[in-house]
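Please look over the following briefing with the sequence and the coordinates at hand.

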Amino acid sequence: PVGPLDEKKALDLIRAYHAAASYTDAQIGKVLGELDKLGLRDKTIVVVWGDHGWHLGEHGLWGKTTNFELDTRAPLIIAVPGQATAGSRSKSLVEFVDVYPTLVELCNLPLPAHLEGTSLVRVLRDPSKTVTSAALSQFPRAAEGKQIMGYSMRTDRYRLTRWVNQDDHLKLVAVELY
């Protein structure tokens, strides 16, 4: 949606979002239940993640189309058979590009040299560990009739976004620091 929403529409959208999350949770439960039923849970690595966050009216926004914190955060759950730290949370910054190297290491496969990302196995073993000092994201937007690209860097303390002209990446349009 674009522009201000009336209260009924806003509540409908919030309800729909929560219904979708609840439905997804139920489907994950079915998959886990079937793994248990087939005796495969102790032989299966389960990874659950979302594409990225979603605004529900924060900053007057609806959807997932910004470089704000809510749009760049997403759930990531990794369950490994025999994991000593199962159920733990970590504050380590990670990126989705880290999922593949993590699965490669967990499966004891050779890691391709061209791969980007960092295995998260170290964090799975000790949730107090970190794998990177920053997570990166980017998203375009229109501003004053021009397309600009926002490049964000999130550290454990700050978020920096640089907005540059898409036609001339050397032309800085704006900077945000949170």
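With which residue does glutamate 69 form a salt bridge? In this predicted model, the partner of glutamate 69 is arginine 154, and the closest N and O atoms of the two are 2.9 Å apart. Because glutamate 69 lies in helix H2 (residues 69-72) and arginine 154 in strand E6, the pair ties together parts that are 85 residues apart in sequence.

**Salt bridges around glutamate 69**
- The structure holds seven salt bridges, and a network of such contacts links Glu69, Arg73, Arg154 and Arg159.
- Glutamate 69 counts as partly exposed, its relative accessibility being 24%.

- Arginine 15 and aspartate 12 meet through their side chains in a salt bridge of 3.1 Å, N to O, and because they are three residues apart in helix H1 (residues 7-37), about one helical turn separates them.
- Lysine 37 is exposed, with a relative accessible area of 66%, while glutamate 34 is partly exposed at 36% relative accessibility.

**The E5-E6 hairpin**
- Strand E5 (residues 135-143) runs antiparallel to strand E6 (residues 146-154), and nine bridges join the two, with phenylalanine 139 standing opposite glycine 150 in E6.
- Two residues lie between E5 and E6 in this hairpin, and glutamate 144 in the turn has a positive phi of about 55°.

Terms used:
Residues are numbered from 1 along each chain as its sequence is written. This is a predicted model: local features need pLDDT of at least 70, side-chain atom pairs count only at pLDDT 80 or more; totals for chains, interfaces and linings use all residues. Side-chain values use heavy atoms; hydrogens and water are left out. Two strands pair if DSSP finds at least two bridges between them. Helices (H or I, at least four residues) and strands (E, at least two) are DSSP runs, numbered from the N terminus. A salt bridge is a side-chain nitrogen of Lys or Arg within 4 Å of a carboxyl oxygen of Asp or Glu. Buried means under 20% relative accessible area, exposed over 50%, partly exposed in between (1.4 Å probe, protein chains only).
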